[in-house]
Amino acid sequence: MSVTHEKNSSQHFDNAAALRALQLAQQTLRIEAEAIHGLLARLTVDANHPFARATELLFHCRGRVVVSGMGKSGHIARKIAATLASTGTPALFVHPAEAAHGDLGMVTEADVMIVISNSGESEELLSIVPVIKRLGAKLISMTGRPESSLAKLADVHLDVAVEKEACPLNLAPTASTTATLALGDALAVALLDARGFREEDFARSHPGGALGRRLLTHVRDIMRTGDDVPAVSGDLLLPAALLEVTRKGMAMTAIVDNARQVIGIFTDGDLRRLIERGMDYSKTPVRDVMNAKPRTISPDQLAVEAVELMETYRINQVLVTEADGTLAGALHIHDLTRAKVI
């Protein structure tokens, strides 16, 4: 066991330590919030502002946006690249040390490179910048020192300077990385808006996510079809219709005519209401007790629209019909749950 560990393990996290931790948390959040407010104050509304020029460079990029940084700046660079890529701007992260040993081959003259370094003097980045310039690729730097080497070499420099770090020693990158990340997000949002990027576009980039499922899943993708759909003739007596309700396990049955066009629906709720009346319906055709105006949805509509329909009318099933009213399928709330649409 090291001496340092022995010293720390002998200390106790008492109430005073807990209060100190809370005070430091407040101080950290305050300093980082002030750092972002500092960036905001420097973003004057001017078409020639470096941020506007950087956005224009990225918007007209014919290749990809290559983001790079060392250490903590590298972690921020990875996140910025990921955010750009998921919001309509093709982007990737390249580690500057790996770039100097072959990965620079990923960069072409059609690309725009964003280099991130708080000091603006990262040796690993400075060693690859001349190659980037010779290729003809455009260069955007994000540094905390406008007079730094990277700032001077860049086609556009974005100033992410902060007054101080949140670290009590003013050493660990904290406020500076937060500010850089925030400005990277601002770039992504500005580009998203300029490209007319929509929810549907975002969903295509996130097909495995909840939003992707909500925006890409159509009713026809998850509806029950064929023999799985409960359907009976309107002339069928109610007891026989109830057997269809039970067999198909959807707590309802569609009522159709000879052309399979929907003329109504009969649900377990309808059955409960009949039972409450205390009458004998054993000789009654189901058409006499069905709901003649069922809620329906098209197979081409989004599954999330079926959710909205069910929630609006407080129902658990909906019939799926073609444009001419022909029965195409059926949806139960459980189908939507299984498909993770809700």
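Student: What follows helix α14, and what is its phi like?

Tutor: R314 follows α14, and its phi is positive, near 55°. A helix here is a DSSP run of H or I with at least four residues, numbered from the N terminus. This is a predicted model, where local features need pLDDT of at least 70, side-chain atom pairs count only at pLDDT 80 or more, and totals for chains, interfaces and linings use all residues. Residues are numbered from 1 along each chain as its sequence is written, and side-chain values use heavy atoms, leaving out hydrogens and water.

Student: Where is L153 found, and which residues does L153 touch?

Tutor: L153 is in helix α7, residues 149–153. Leaving aside residues up to four places away in sequence, L153 touches L126, V129, K133 and L139; contact means heavy atoms within 4.5 Å.

Student: What makes β4 and β5 a pair?

Tutor: Two strands pair if DSSP finds at least two bridges between them. β4 (residues 138–143) and β5 have 4 bridges in the parallel sense, so they count as paired. In β5, H157 is the bridge partner of S141. Strands are DSSP runs of E with at least two residues.

Student: Which strands are at the edges of the sheet?

Tutor: The open sheet has 5 parallel strands in the order β2-β1-β3-β4-β5. Its edge strands are β2 (91–93) and β5 (156–159), each pairing on one side only.
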